[in-house]
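Biologist: I am new to this model. Please take one part of it and describe closely what surrounds it.

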Amino acid sequence: MSQHTASHHDHPHGEGHGHRHTPGHKHTHGHDHDGTHLDWNELGPLLERQAETEGSAYADAAAWLGTLAPVPGVRRILDVGSGPGVVTGILAEAFPAAEAVAVDGTPELLVRARERAEARGLGSRVSTLHAELPEGIVDLGKADLIWAANSLHHIGDQRAALVEFAGLLNPGGLMVLVEGGLPARHLPWHIGFGRPGLEARLDAANADWFGEMRASVPGHKDEPDDWRALLADAGLTPAGTRTFLTDIPAPVSPVVRELALTHYGRIRDGFGDRLEADDRAMLDRLLDPADELSLHHRTDLFHLTARTVHTARKG
């Protein structure tokens with residue numbers, strides 16, 4: 001399972017670690033939402049850049065986790081749905097006594113995770129584990145901290161999976177879910193053409209698509225997203241919830257501009273007839289490099305998003 005933003009990830013899977021949802025990405029654990037095949041070798045760099053864009057928010061989240069779990073006592077971390085391992089490295093840096101294990105169902109992304117750890121001097125403490133979830137949960141081994149960012153919602157029976165994850169935690173261990181937050185925003189309400197409020201309408205189409213995606217997951221159980229209650233029902237003690245903001249104002253860097261272009265390109269190609277004709281026309285203009293009001297040239301482009309982190313302790 002990958003936590004891919006692409007948008008692995010919007011779902012950019014991710015945003016690399018932490019994805020929003022757009023159709024058009026294929027997960028590796030049994031459901032192919034629209035038949036689109038993704039080349040993870042091609043998407044790997046994008047997923048890394050997406051997670052890096054939100055790296056400071058993830059670092060803040062990891063530092064907060066260090067106040068909930070004694071840093072010296074955290075010896076093994078599972079990053080479930082790690083993608084290319086950006087957050088695996090952040091967790092390894094935040095918990096210097098720990099082995100951090102990048103767990104994913106896409107071998108190409110695990111190769112990137114290993115290369116990334118080596119390049120950052122973390123190769124001795126970051127390892128990788130190929131696993132298809134939920135079947136592979138039983139083989140992940142014990143851990144002091146389990147981080148699952150935007151990966152649980154790709155498992156049909158989320159309640160049962162949380163019970164299994166809880167069983168892997170050592171006494172005092174911490175379960176961390178990154179689920180929810182706020183939809184990413186890149187543009188003002190009025191962009192100079194078309195009907196104002198484009199992103200809100202894209203959110204509505206995305207919500208419908210996400211519901212269909214959830215319903216198509218093998219073993220799907222219709223479960224409210226009450227993460228605190230689900231964690232408690234798994235035998236864990238809720239330890240706090242916080243939301244972490246990524247706020248990159250205009251003007252943005254070329255990397256952030258590229259991410260926005262990819263995000264909107266995937267929406268246009270993936271939503272298809274979910275959108276009204278005028279909104280499809282707006283997306284075409286936003287993606288046209290010859291249009292002076294496109295994403296290629298806009299000076300009002302920004303990146304604003306929020307990730308919510310739910311925690312619970314064992315024992």
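Modeller: Strands here are DSSP runs of E with at least two residues, helices are runs of H or I with at least four, and both are numbered from the N terminus. The model is predicted, so local features need pLDDT of at least 70 and side-chain atom pairs pLDDT 80 or more, while totals for chains, interfaces and linings use all residues. Residues are numbered from 1 along each chain as its sequence is written, and side-chain values use heavy atoms, without hydrogens and water.

The part I take is Asp104, in strand β2, which covers residues 99–104. What the side chain of Asp104 does reach is backbone: the nitrogen of Thr106 at 3.0 Å and the nitrogen of Ser82 at 3.3 Å.

For contrast, take another aspartate. Asp157 lies in the loop between β4 (143–149) and α5 (158–168). Its relative accessible area is 22%, so Asp157 is partly exposed, a class that runs between the buried limit and the exposed one, over 50%. The C-alpha atoms of Asp157 and Pro134 are separated by 8.7 Å, although the two are 23 residues apart along the chain.

Conventions:
Polar contact = N/O pair within 3.5 Å; in protein donor to acceptor, adjacent residues only side chain to side chain. Buried < 20%, exposed > 50% of the residue type's maximum accessible area, 1.4 Å probe, protein only.
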